[in-house]
Amino acid sequence: MESSIQDATILLGHWSVFGAFVLAGWAAIAGALGGAARSFAMTKSAERAVLAATGFTLLAAACLVRGFLSDDFRLDYVYLYSSTSQALPYKIAALWGGQAGSLLLWVALLAVMASIMVLTNRRHNRALMPWAVAVVATTMAFFLLLLNVVEPPFRMGPMRPDGVGLNPQLKNYWMMIHPPTLYVGYVGFTIPFAFGIAALITRRTGDLWFRTTRRWTLCAWTFLGTGILLGSYWAYIELGWGGYWAWDPVENASLMPWLTGTAFLHSVMIQERKGMLKVWNALLVILTFCLSIFGTFLTRSGIISSVHSFATSNIGPFFVTFLFLAFFGSLVLLILRLGDLRSEARLESILSREASFLFNNMIFVGIAGTVLLLTTFPILSELFTGRKVTMGPPIFNMVNVPWALVLLLLAGVGPLVAWRKASTVNLKRNFAGPVLIGTWVLLLLLFRDVRGYLSAVGKTFAAMGQLDLALALERVQAFYPPLTFAIGAFVTATVVSEFWRGTRIRMRHHDESGAIALGRLVSRNKRRYGGYIVHLAMVTIFFGIAGSSAYRHESVHSLVPGEILEVGPYWMRYDQLRLVAEEDHIGAIVEASLFDAKDGTVLAKLAPEQRLHPNLQFEELRSAFVEARRLGQEGSPEYQRSVVGLFGLIRSLESRAQREVKTPSTEVAIHASWSLMHPARLAEDFYVIPVGIDPDTGQASFRVFINPMVNLIWFGGLLFVAGSILGVLPDARERNRLAGALALEDRAIA
Amino acid sequence: MDGRQTKFVLIGAGMLISMTVLIVAGMGRSGGFSYYLTVSEFLVDPRPADDRYRVNGKVVQGSIDRLPSGHDVRFAMSDGTRSLGVHYNGIIPDTFVDGADVVVQGHLGADGTFQAHTLLAKCPSKYESADGAEGAAAPY
Amino acid sequence: MVAGVIVALLILSGATLWVAWPLFRPESAREMEEPSPLMACARELESRREMLLSTLRDLDEDREANKLDPQDHAEIRGRLAVEAADVLRRIDENRAALDSEERRRFPVIPHPAGRPAESADD
């Protein structure tokens with residue numbers, strides 16, 4: 001019975017993927033026909049096809065999950081990414097452990113969003129909808145084509161007793177939620193793009209398309225940002241190199257659409273208010289969508305690590321074709337519609353909110369462009385010169401950090417500058433306080449290490465004297481951390497003063513108490529004050545980055561049990577080594593105590609661990625492992641002996657079999673300092689990772705990092721989410737405006 | 001085009017130029033750009049002192065010799081035609097196992113082994129895009 | 001196995017039918033109308049009005065927060081107010097024209113001549 005259900009599941013899943021493709025294809029065709037022939041019937045059919053395709057996609061995903069849950073190792077995909085011993089949450093998360101499942105998840109998320117789009121616009125936007133449906137359905141059909149032709153998730157092989165299992169590094173809570181979050185972000189930008197394209201096709205290039213999709217854009221942007229932060233958090237706690245961002249192609253891939261998306265969120269405000277920048281906004285939404293697809297492509301194809309793998313990775317050519325068509329098709333459409341996109345107003349002054357937004361847009365797009373260039377440089381150089389040249393993190397930092405600082409500065413300038421035309425007198429008055437605070441912070445930091453900074457100045461000028469621009473730019477980097485803190489202080493001051501000013505005005509006008517005035521101020525202007533909170537979040541994140549990269553400490557030590565290590569303001573005592581055999585690994589856990597060097601108080605117990613996941617296909621290893629597990633009784637001498645024996649067995653087996661019989665993984669131990677007793681250490685991490693443990697003698701070597709302020713990044717991430725949610729919440733004024741515009745539109749084409 | 005627009009175009013052009021300058025300047029620095037080669041390509045013309053080589057290949061089965069310190073490892077990597085002995089000192093990523101795709105950066109030592117200061121490893125067949133699995137490269 | 005195939009076929013044909021159904025209904029021939037010039041004009045005027053209103057609000061806020069000089073504020077406000085008055089006048093004219101047009105097209109059901117925003121939900 002069970003086996004026939006499993007058969008049916010696989011069959012159903014397989015054909016659901018096919019059915020979804022056919023339906024999505026039909027939705028694309030019917031949408032376009034409905035739009036071109038202005039036919040209600042066709043549009044209706046297209047919309048229903050989207051809903052049906054969503055059903056089939058979800059069904060397919062459910063079938064694959066069911067395959068995982070029932071350990072159906074006939075499925076290649078289940079065999080590769082799961083095993084009988086895998087815990088339930090990881091069996092589900094294994095859905096996005098590999099290529100086919102990731103694509104399936106991607107398209108399922110897109111399908112759900114497309115359905116929400118269809119359902120919320122059943123009676124609205126009748127002119128835009130057929131085309132919007134066509135665009136979204138085309139994207140869906142493309143991914144479903146990949147799933148049908150290139151990467152079938154339900155490919156079958158012989159029944160196997162057990163699966164390979166998920167990579168131990170991926171068995172992590174954060175890794176479970178990171179990819180879906182990121183994917184929601186990537187996928188979400190499809191909807192604003194679809195409406196943008198629909199607006200261009202139907203020549204309804206007013207404000208309706210971006211008003212309808214305002215919250216879509218904001219949601220996608222929030223998810224993408226959160227996904228990026230989750231990814232760096234995972235890298236930080238799991239990968240064990242003490243850092244969180246390496247300008248890795250996969251990281252860059254998610255950063256680029258986020259940057260252009262941020263630019264779009266700002267510049268669209270100018271179009272709302274003045275009817276300017278219509279072409280620019282359309283371009284930004286096209287860019288953001290294409291970068292999202294490109295990001296998915298980078299993540300999935302492995303093209304950067306090797307162009308050769310691109311030729312063999314079969315999804316590459318499909319992606320390139322799709323991207324090419326999407327980008328140049330949209331561009332041609334945009335050019336054809338330039339006549340409809342004329343600006344309704346002009347920039348009135350270079351000292352205005354609009355102008356500051358324009359600057360930030362240039363920088364956002366500029367940074368996205370550099371990141372794109374540097375990330376794809378290996379491909380470009382190989383294509384044009386035959387030699388593959390890669391770009392390391394120092395280049396990324398050298399190019400992007402200065403501009404990121406200017407961007408941070410603008411986050412403080414923008415809010416204080418009036419729309420249209422700011423006067424110098426007012427600017428001086430409004431900025432006096434914040435500038436003073438920023439300067440004070442800068443001087444304070446510089447005076448802490450006068451000699452160091454003076455010599456940095458000297459070195460910079462010396463390098464410039466030798467006409468070595470690169471060296472000069474490198475020397476100048478010494479000033480980035482204090483500058484970051486100074487600019488951050490300035491931005492914080494301006495944003496706080498914005499809250500303060502707004503509250504005071506309300507108190508005066510409505511005769512309200514301070515707290516009520518503040519609450520109403522924020523809840524009546526959610527988007528604006530949500531935005532300010534995001535600005536504060538960015539300041540916090542910048543502080544974390546500056547602190548943890550400029551003042552970090554790193555060292556390697558070798559200890560025996562009982563020995564004490566002194567690093568900075570900490571003492572770490574290596575108490576004892578504990579050996580364990582857990583369900584899928586054996587582990588050597590270093591038990592250590594962390595003390596405050598000043599007064600000797602215990603700060604934390606640490607337990608960094610080195611794990612070996614034995615390859616149980618070796619019978620000798622399997623039986624020894626099962627035996628050790630059976631002995632259970634942790635702490636008993638024979639248990640310890642049997643685990644030590646396992647470590648020895650792996651080593652001897654490796655030299656005999658001439659291959660590795662285990663997958664190592666390492667667990668970091670982190671102690672975050674939140675005590676207000678040590679303000680200088682606030683948000684600092686003591687981060688220790690074992691690099692080598694001898695299970696026989698207990699001798700262990702560690703790499704120790706002290707990462708000051710690093711927790712500000714994660715704290716800033718929470719603030720970012722809070723501010724973004726505030727901006728996404730329904731806003732009465734926005735809703736009325738949208739409803740009014742939609743009603744008129746509906747009346748016009750009823 | 002009026003004065004303000006001209007100003008904007010000028011500022012935009014200025015930004016573009018400065019970004020280009022920064023990129024070009026950045027390429028001159030160590031840790032900046034590097035040639036990405038296969039083992040055979042590298043062995044055709046190895047320049048011992050030059051640090052600007054990233055060599056990629058697969059770890060030869062059974063060649064991994066982890067030294068007791070825990071952060072030293074010797075192994076051989078190959079691209080299917082030729083192989084290269086490597087000595088690496090630093091954090092060994094968990095993904096570094098037999099058959100893994102690796103990229104090493106460093107220079108050719110006097111004894112003919114490649115002295116690597118950076119080791120990036122990608123697990124074979126598991127999770128095609130292990131995010132940031134490029135373990136050792138830690139700018140922060 | 002056979003039962004599975006039958007279920008799959010049922011699902012598939014059900015979905016196909018549901019998707020194709022709108023194409024065969026009698027009212028399927030109905031087409032979206034191209035908005036009349038008056039209607040298109042109304043839409044444009046309305047969005048212009050909204051834009052001006054929010055701009056005026058921003059302007060007053062900026063003035064109150066002391067980001068804008070009183071002279072600049074007065075000057076821009078005056079300019080925008082003139083424009084807003086013009087837009088409002090044109091909306092009124094347009095609405096009158098629209099109502100008479102709609103009376104011509106739908107003589108039986110008189111359209112309530114209210115603010116369009118009030119008829120948001122259909």
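**Notes on a predicted three-chain model**

1. Starting with the A–C contact: 42 residues of chain C meet 52 residues of chain A, where a contact means C-beta atoms, placed from the backbone, within 7 Å. On the chain C side, helix H1 (2-24), helix H2 (37-64) and helix H3 (70-105) each bring at least two residues to the face that touches chain A. H2(C) has the largest share of that face, with 14 residues. Helices here are DSSP runs of H or I with at least four residues, strands are E runs of at least two, and both are numbered from the N terminus. Sorted by class, the chain C face holds 22 nonpolar, seven polar and 13 charged residues. Nonpolar covers Ala, Val, Leu, Ile, Met, Phe, Trp, Tyr, Cys and Pro; charged covers Asp, Glu, Lys and Arg; the others, Gly among them, are polar.

2. A word on conventions. This is a predicted model, with local features needing pLDDT of at least 70 and side-chain atom pairs counting only at pLDDT 80 or more, while totals for chains, interfaces and linings use all residues. Residues are numbered from 1 along each chain as its sequence is written, and chains are lettered from A and ligands numbered from 1 in the order in which they are written.

3. Chain B itself has two helices and seven strands, running α-β-α-β-β-β-β-β-β along the sequence. It has 140 residues, and 44% of them count as buried; that takes 20 or more other C-beta atoms within 10 Å of the residue's own, whereas 12 or fewer is exposed and anything in between is partly exposed, with C-beta atoms placed from the backbone. For contacts in chain B between residues at least 6 apart in sequence, 44% link residues at least 24 apart.

4. Val389(A) is worth a click. It sits in strand S1 (residues 388-391) of chain A and counts as partly exposed because it has 18 C-beta neighbours inside 10 Å. Leaving out residues up to four places away in sequence, Val389(A) touches Phe377(A), Pro378(A) and Ser381(A), plus Phe33(B), Tyr35(B) and Tyr36(B).

5. Finally, the largest nonpolar core has 281 residues, and Leu23(A), Ala27(A) and Met140(A) touch the most other members. Helix H6 (residues 129-150) of chain A gives the most to this core, 15 residues. Such a core is a set of buried Ala, Val, Leu, Ile, Met, Phe, Trp, Tyr and Cys residues joined through C-beta atoms within 7 Å.

Note on methods:
Two residues are in contact if their C-beta atoms, placed from the backbone, lie within 7 Å.
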